[in-house]
Amino acid sequence: MAIGIFTPTWDPAQWVSTFRAQAPDIEIRAFPELGAREDIEFAVAWLAKPGSLQDLPNLKVIFSLGAGVDAILRDDTLPKAIPIVRVVEPDLTHRMSEYVMMQVLMHHRQQWRVEENQCAKNWDSFASPAASDLRVGIMGFGVLGQDAGQKLRGMGYQVAGWSQHRKNVAGIESFAGHGELDAFLARTDILVVLLPHTPDTHGILNRALFGKLSRRGPFGAPVLINAGRGKLQVESDILASLEAGELHGVSLDVFETEPLVKESQLWGHPRVHVSPHSAADSDPVHITRYIVHQIHRAQAGKPLENVVDRKRGY
Ligand code: NDP
Ligand code: OXD
């Protein structure tokens, strides 16, 4: 029995060594050096090469090394009946909430303006609105969205969430389904996006949607923060909406194409904060511990946790 590591864009060495340290009784092999393919019972994958997870006759579970599984599900050769388990783990959740709180604060406290003033040696002490005057809307109100939402609520913001199904989270208004999307957008000054990428959410962050956000907030135009997936957004629409004053500011951690191409105007735009898909990194020690725990559950005949619903795509 062996675990196969499939991480062509990451150095597998750190994952091999954390798995060896945390599961000394299990053989660990990194793609493409898998040895006898029939030994591989568990696959651990991040941006695995399409086709690399097929022809593993004894595969029992595929573990995603992240919360999102869009890349795994895009592989047409993926074995049909094998469960896929995604990451739901406090270290990753806390990292995402740190990113969201930091970006909301940077826009709320107009950090770009502070930095411009510092460059110009300009002592300009401008007033900031109270957090309680800002309405944050979280699009994608799942594990990550709810944690970030509760933390923002604790900081005093008015928070609402939008998801497929209604949620019951104290102090946070819940909007559900496409029928309630416009009402959710109309009450939102700062839009935080933590949706998965699925056929239903592809390109959802476009100029028409930005036009439905509130313009009654303290900045006169809304803010967009996307750490979900790049293919949710239409980057030409984001730039056009910024130019037209329909968006006040933007933070993007994810992009239509990653890495973001050097030619993109997003890099140099004064109202855009760019980060390299690093909002919530998968820490090898924490994520390996989570996966080893799931493997022990499977070996003990217990049900796996956080199994992806392939039909809905997340
Ligand atoms: P969850 O599955 O827990 O949450 C997803 C949320 O999106 C749910 O609330 C779900 O609704 C909602 N949703 C999905 N499709 C729709 C739709 N069509 N209409 C309305 N709501 C919808 O995922 P996580 O919170 O764990 O992660 C969210 C995403 O964050 C990941 O898929 C990944 O893409 C991204 N991510 C990015 C990282 C980064 O570093 N930038 C790191 C980690 C994750 P419901 O609850 O009703 O099903
Ligand atoms: C994830 C990610 O999905 O890091 O976990 O993007």
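Select His 277 and ligand 2: an N or O atom in the side chain of His 277 is 2.6 Å from an oxygen atom of the ligand. This is a polar contact, that is, a pair of N or O atoms within 3.5 Å; within protein, one must be able to donate a hydrogen and the other to accept it, and residues adjacent in sequence count only if both atoms are side-chain atoms. The protein covers 85% of the 210 Å² of accessible area that ligand 2 has on its own (Shrake-Rupley method, 1.4 Å probe; for residues, only the protein chains shown count as cover).

The model is predicted: local features need pLDDT of at least 70, side-chain atom pairs count only at pLDDT 80 or more, and totals for chains, interfaces and linings use all residues. Residues are numbered from 1 along each chain as its sequence is written, chains are lettered from A and ligands numbered from 1 in the order in which they are written, and side-chain values use heavy atoms, with hydrogens and water left out.

Stay at ligand 2 and show the residues around it: Trp 46, Gly 66, Ala 67, Gly 68, Arg 229, His 277 and Ala 280 (a residue is near a molecule or strand if one of its heavy atoms lies within 4 Å of it). Three of these are nonpolar, three polar and one charged; Ala, Val, Leu, Ile, Met, Phe, Trp, Tyr, Cys and Pro count as nonpolar, Asp, Glu, Lys and Arg as charged, and the others, Gly among them, as polar. A backbone N or O atom of Ala 67 lies 2.7 Å from an oxygen atom of ligand 2. For a polar side-chain atom of Arg 229, the distance to an oxygen atom of ligand 2 is 2.8 Å.

A backbone N or O atom of Val 143 is 2.9 Å from an oxygen atom of ligand 1, and one of Ala 227 is 3.0 Å from a nitrogen atom of ligand 1.

Next, show the shell of ligand 1. Of its 29 residues, Arg 86, His 165, Lys 167, Asp 200 and Tyr 314 come nearest. By class the shell has 14 nonpolar, nine polar and six charged residues.

Colour the chain by domain, with domain 1 at 2-87 + 282-299 and domain 2 at 91-274 (bounds from an automatic or database domain assignment). Ligand 1 lies between the two domains, because both give residues to its shell. The C-alpha centres of the domains lie 33 Å apart. Ten residues of domain 1 are in contact with six of domain 2 (heavy atoms within 4.5 Å).

Finally, visit the loops. In the loop between strand 2 (27-30) and strand 3 (40-45), select Pro 32; the peptide bond from Phe 31 to Pro 32 is cis, with omega near 5°. Strands here are DSSP runs (E, at least two residues), numbered from the N terminus. Pro 259 is in the loop between strand 11 (249-252) and strand 12 (272-274), and a cis peptide bond joins Glu 258 to Pro 259, with omega about -5°. Leu 47, in the loop between strand 3 and strand 4 (61-64), has a positive phi of about 50° although it is not a glycine.

Notes:
Helices (H or I, at least four residues) and strands (E, at least two) are DSSP runs, numbered from the N terminus.
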